[in-house]
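Hi,

Here is the structure I promised to pass on to you. Have a look at it first, and then read on for what turned up in it.

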Amino acid sequence: MKEIHILGGGFAGVWAAMSAAAERNSESAEMISIELVSKTPDLIIRPRLYQGASQALSVPLAPLMKEIGVNFRVAEVRKIDAEVGRYRCSGGEEREYDRLILATGSELKHLPISGMQEYTWSIDNFEDTERLDFHLDQLTSDDPAENTIVIIGAGFTGLELATELRSRLGDKKRIILVDQAVRAGNELGPAFIPFVEEAVAQCGIETHLGTTVSCIWPGAIKLENGKLIESRTVIMATGLVASPLTRSISGEYDAQGRLKVTPDLKVPGAESIFVAGDTAHTFADDNHATLLSCQHATELGRFAGYNAVHDLLGNELQAYRQPFYATCLDLGAWGAVFSTGWEREVKKVREEGKAIKTQINNEWIMPPNPELGKLKIFEQIALTVEVEV
C-alpha cells in the first residue's frame with residue numbers, strides 16, 4: 001500500500017483530496033491510500049468571514065471524505081521531516097508518507113505595532129470571527145470608544161468588512177479605515193478605486209490614509225501622524241502570510257513565506273512533496289504569480305492531487321496553469337465590483353456585481369454535497385487533461 005497524506009483542511013487540501021480520489025478511481029489504483037489531516041473538523045469558508053461567523057460557513061469534512069474514500073483525521077501538524085518522509089503531530093504522534101501534499105494555508109500577517117497582539121481583533125479564522133461577533137454585540141453604551149470601530153487595512157478584506165459592518169451595525173457606529181496607501185483599495189488597481197471611493201463615501205466610512213498605526217492601547221490607537229482615535233474595537237486586516245509549517249521544508253521562499261515550487265508543484269530537492277494553495281509560490285500563467293486566494297487554492301489543490309497519484313504510478317505529471325482570473329469585491333449596501341483578467345477590467349458593478357458575488361459565495365466556492373455520490377463528485381473535480389491527436 002502506498003500512502004498520500006494531505007496536510008490542511010482548507011480549500012487547497014480538500015480539493016487535493018477530491019482530485020486524488022478521482023484519479024485513484026480513474027486509474028483503478030486501489031493500492032493507494034489517501035489521508036486528509038486537518039486541525040479542525042470543518043472546512044471554513046474563510047472568504048466569507050467578513051459576513052460573520054455563521055454556522056453555514058463551517059462545513060463538516062468527515063461526510064465528504066467518507067463518501068470519496070479518503071481517510072480523515074483531525075490533528076495539528078507541527079513538523080515535517082522531508083528527509084525521511086515523516087511528519088509529527090501535536091502530542092508527539094509521527095506518521096510516514098510516500099507522497100505529501102502541503103496545503104496548510106495562511107494566517108494573518110502580524111505587524112511590529114505595540115499592542116497589536118493584546119488589543120486587536122481579526123476575522124482570520126472562525127474562532128476569531130466568533131469572538132469579534134460577540135464583542136460587537138456587547139457594544140451598547142454611548143462611550144465614543146465603544147462606538148468607534150477601526151479597521152487597519154483598506155485592501156480587499158478591510159473594505160469588505162467595513163462595508164458589511166455598516167450594513168450589520170447601522171448608522172450609529174463610527175467606522176474608520178486606516179492604511180498607509182494614499183487611496184482605499186489601492187492594491188486592487190486604478191480600475192477599482194473610483195467605485196471603492198464611491199462606496200466608502202456612501203456607507204459613511206471615514207478614512208485615514210497615507211499613515212500607519214504606531215501604538216494600540218485598550219481604548220485608543222495612535223497614528224504615525226500623531227492623531228489619537230478612541231476605540232475599543234481595532235480590527236486587523238493587514239494581509240496574509242503562509243503557514244509557518246512551510247519552514248519545516250528546506251527551499252526558497254517568497255516575501256509571503258510561500259515555498260517556490262516547480263510547475264508540477266513539487267519542492268525542488270524534496271521530490272516526494274507537493275505544495276498547494278497559500279503555501280505555494282508558482283505562476284498561473286507565464287507572467288503572473290498566484291495570489292493567496294481560494295480561487296487559486298482550489299485549482300492548485302486539484303493539480304497537486306492529480307500529480308501525487310500519477311507520481312506514485314510513474315505517469316506523466318501536469319504543469320499547473322490557471323489562465324482565467326477574476327476579482328469580485330463586496331461593498332455592502334452599495335453593491336459589488338466584478339472584474340476579469342489580471343488588469344482587472346471591470347465588467348459588473350453595484351446590483352449586477354452583487355448578484356455575481358452572491359453566486360460566488362453561495363455556489364462557486366462551496367464544496368460538493370456528499371449526497372451527490374462519489375462518481376458525480378469525481379466528475380466535477382477530476383482534472384481534465386487535453387490530449388493532442
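A quick definition before anything else: helices here are DSSP runs of H or I with at least four residues, strands are DSSP runs of E with at least two, and both are numbered from the N terminus. Also keep in mind that this is a predicted model.

UniProt, in an unreviewed entry, places the feature "domain: FAD/NAD(P)-binding" at residues 4-288. That span is 22% helix and 30% strand, and its end C-alpha atoms lie 29 Å apart.

Strands of a sheet pair through backbone hydrogen bonds, either parallel or antiparallel. Which order do the strands take here? This open sheet has 3 strands in the order 6-7-8, with antiparallel pairing. Strand 6 (77-81) and strand 8 (94-96) are at the edges and have a single partner strand each, so one side of each has no neighbour in the sheet. On average, neighbouring strands of this sheet are turned by 20 degrees against each other, direction ignored.

Zoom in on strand 6 and strand 7 (residues 86-89), which pair over 4 bridges. Lys 79 sits opposite Arg 88 in strand 7, and Asp 81 has Arg 86 as its bridge partner. The two strands make a hairpin with 4 residues between them, and in the turn Gly 85 has a positive phi of about 65 degrees.

Now for the charged side chains. How many salt bridges does the structure hold? There are 23 salt bridges. One of them joins Arg 95 and Glu 35, with the closest N and O atoms 3.2 Å apart. This pair links distant parts of the chain, since Arg 95 is in strand 8 and Glu 35 is in strand 2 (residues 32-38), 60 residues apart. Glu 35 counts as buried because its relative accessibility is 8%, and buried means under 20%.

Another salt bridge runs between Asp 254 and Arg 258, at 2.8 Å between the closest N and O atoms. Both Asp 254 and Arg 258 are buried.

Asp 311 and Lys 266 form one too, at 3.1 Å between the closest N and O atoms. Asp 311 lies in helix 7 (residues 294-313) and Lys 266 in strand 20 (residues 266-267), so the pair ties together parts that are 45 residues apart in sequence. Asp 311 counts as buried at 15% relative accessibility, as does Lys 266 at 9%.

Finally, salt bridges with shared partners join Glu 35, Arg 73, Glu 93 and Arg 95 into one network.

Cheers

Note on methods
Residues numbered from 1 in each chain as written. Predicted model: local features only at pLDDT ≥ 70, side-chain atom pairs only at ≥ 80, totals over all residues. Heavy atoms only, no water. Pairing = 2+ DSSP bridges. Axes fitted to C-alpha atoms, helices over the stretch in contact; angles between N-to-C directions. UniProt positions renumbered as here; feature names shortened; annotations may be inferred. Salt bridge = Lys/Arg side-chain N within 4 Å of Asp/Glu carboxyl O. Buried < 20%, exposed > 50% of the residue type's maximum accessible area, 1.4 Å probe, protein only.
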